Amino acid sequence: MNKKFYITTPIYYVNARPHIGHAYTTIACDTIARRQRMMGADTFFLTGTDEHGQKIERAAQAAGKTPQEFTDEVSAQFRALWNRMGITYDDYIRTTDERHIKRVQVLFQHLRDNGYIYKGTYTGQYCVFDELYVDVVGAGAPCPECGRPTETVKEENYFFKLSAFQDKLLQLYTGRPDFIRPDTRRNEVMSFVRSGLRDLSISRSTFSWGIPVPDDPKHVIYVWLDALANYITAIGYGSTHEGAQEAFRRYWPADLQMIGKEIVRFHCVYWPAFLMAAGLPVPKSIVAHGWLLFEESKMSKSRGNIVRAETILDVLGADALRYFLLREIVFGQDGSFSFDALVQRYNSDLANGLGNLASRTLTMITRYFRGEVPYPAAAVSQKAGDNAVAETARTVITDYGDLIDQYQFSRALEVAWSLVAAVDKYIVENEPWALGEKQDEESRSRLATILYTSAEALRIVTALAHPVIPDATSRIWAQLGLGDIRKFPLSDLKWGQLQLGAKLGKVEPVFPRADKSAIERMQNMEEQQRSTVVAPQAEQPAAPTPLVATPAGKPAVSAPDGKISIDDFAKVELRVGQVKTAEKVKGADKLLRLEVDLGTEVRQVVAGIAESYAPEVLIGRKVVIVANLAPRKLRGLESNGMIVAASPEGGKAILASFLEDVPIGTRLK
Ligand SMILES: [Zn+2]
């Protein structure tokens, strides 16, 4: 039987819709899985969704759904995206699957039987967002991971004897330097473990959306133990079924578990400790990639800078996204995404690079050789340039394989595309189109050699790039008359395999050039999405603090019951102003008299913000003014406009302001 290869993505937490950060991890795994299959390995590629925990329970409640309805919906969105992108997963596990639930209970029982689980009492701070007890003191103390306020929890819990594994884990990291990659992550993990491991609370009784502890259903199993177990439950661990047990024996341990750097501790400390405690082998390798930044900041729901994969699929297709992410980001490090860079990379490497090479080569073969792969001249009459292309191709095959097997996608693609560049140069220097006009035997023979050489190089790049850009390469392969690329044994790839006289398929462009409007279209699609769709989210804020205008802290406009039209809103002229002077109003505790520069004029405004702001801190500050409000008198002073502030219930007014600098006089609309 062939060598097996078991690869996993992390299972994605269903508190957010999928975005290109999730797609990045999945694309990297899909690329590796496709390459392994082409190399002949019996490959098993697992992905899925993580669906339990208090965050999900609360998010479902906020969305007016049961947790099951909520998770069904979001899990289906992930799956639909992977299907649309042609991700070749072999199984899709959900932690709410019956098979998973039963097998996690088997694992818990197994750990308890082996003496690694005991009952104890826990008091401490718990971060709901991270599902983590944290080492801070005091009610509401901020979580060291995410900065959100923590909750004080006291509960009877089951504990896992993590402390018993400190030495064994250190032996693992030292004895198998490739267990955690890259080295930066390995070093972090080692220093964390060296600093001492405390036993881990692995059950919760404060909420119920989880897998019940066997024989003690008041408790649900800690979400991380539940989630990590998916990598073994999916392939049959804990099943009583003979076939499932056999699959587990065949595929475990995993060959590669791909994760993001933020979940390294769970995968590299807790996960191997759980496995050791259960008497199971640990995975062969855990590889952590960096974060995908959007124009320099981490893509996250709370920042509102998420980019959805769908937008890119609609405009440029899945191959464009796959190629960009793997080519642009140095794997393991943080990388940046922008629509500009995406389109630039698409045009330079795909449209003008591989796409252009395919179309010019295949078009000339169609035109000059009736669409049949021409016979090159005998070796003796070949020129140095022909051999140089063949030599480059041989080097590229070896180097590309080495690099991609070390997950250096960016370098690997750079190497493969050096062959595209070499052939482009070769074609330009040899001017086959000029030879195509001539009918003498020598010109025909020369032309045949040039087009054969170009087509053979094209075939090699196409085969190598297939796991990265499966769609376009399948089409180029078919245009080369080679049939189904997935059946090609990549391990046999070498120069000179192109079948002479083979009939080309129908020649069509694979990467149409993208113009500037593509960037705008994608940006508009994302903006529209952000402003119109309220995703089911765990971080949905509570009722927003209403924006009210002062003075005197009273809402000047009482909110109408019905909705207003855009025309109604347009009647309110909101402008950016800058405070020039500010002073207290005599005999009025709450009022300040301000002079505000609107660019075209300076207005006197009386505002009820004296309890929130000392006059001197306001000078120079930019504020938002309702500029077309009818003037009125307060304490004998004329107020010409209103300052916009948020007035929390029972709290002090907070001025509306901008994070970016905005010119004085700018209208808000
Ligand atoms: Zn936190």
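No disulfides turn up here: the count is zero, taking a disulfide as a pair of cysteine sulfur atoms within 2.5 Å. The closest cysteine sulfur to that of Cys29 belongs to Cys268, and at 14 Å this is too far for a bond. Keep in mind that this is a predicted model, where local features need pLDDT of at least 70, side-chain atom pairs count only at pLDDT 80 or more, and totals for chains, interfaces and linings use all residues. Residues are numbered from 1 along each chain as its sequence is written, and side-chain values use heavy atoms, with hydrogens and water left out.

**Cysteines and burial**
- Cys29 is buried at 0% relative accessibility, where buried means under 20% relative accessible area, exposed over 50%, and partly exposed in between (1.4 Å probe, protein chains only).
- Cys143 is buried too, with a relative accessible area of 3%.

**The chain as a whole**
- The protein chain has 21 helices and 27 strands; these are DSSP runs numbered from the N terminus, with helices being H or I of at least four residues and strands E of at least two.
- Its C-alpha atoms fill a box of roughly 105 × 75 × 45 Å along the principal axes.
- Of the 669 residues, 54% count as buried.
- Take the contacts (heavy atoms within 4.5 Å) between residues at least 6 apart in sequence: 74% of them join residues at least 24 apart.

**Helix α10**
- Helix α10 covers residues 264-277, and its 14 residues should span 20 Å at 1.5 Å a residue, which agrees with the 19 Å between its end C-alpha atoms; the expected span is 1.5 Å times one less than the number of residues.
- There's a bend of about 30° at Tyr270, with Pro272 following within four residues; the bend is the angle between axes fitted to the seven residues ending there and the seven starting there.
- Because 12 of its 14 residues are buried, α10 is largely enclosed by the rest of the structure.
- The buried set includes Cys268, Tyr270, Trp271 and Pro272.
- Just after α10, Gly279 takes a positive phi of about 75°.

**Strand pairing**
- β10, β12 and β11 make an open sheet of three strands in the order β10-β12-β11, with antiparallel pairing; two strands pair if DSSP finds at least two bridges between them.
- β10 (203-204) and β11 (212-213) are the edge strands, each with a single partner, so one side of each has no neighbour in the sheet.
- Two bridges join β10 to β12 (residues 216-221), and Arg204 has Val220 as its bridge partner in β12.
- Elsewhere, six bridges link the antiparallel strands β20 (residues 592-597) and β21 (residues 602-607), with Leu594 opposite Val605.
- β20 and β21 form a hairpin with four residues between them, and Gly599 in the turn has a positive phi of about 90°.

- Most residues other than glycine have a negative phi, and most peptide bonds are trans.
- The Arg181 to Pro182 bond is cis, with omega near -5°; Pro182 is in the loop between β8 and α6.
- Trp252 to Pro253 is also cis, with omega near 5°; Pro253 sits in the loop between α9 and β13.
- Arg370, not a glycine, has a positive phi of about 50°, lies between α13 and α14, and is exposed at 60% relative accessible area.
- Glu431 has a positive phi of about 40° and is partly exposed at 40%.
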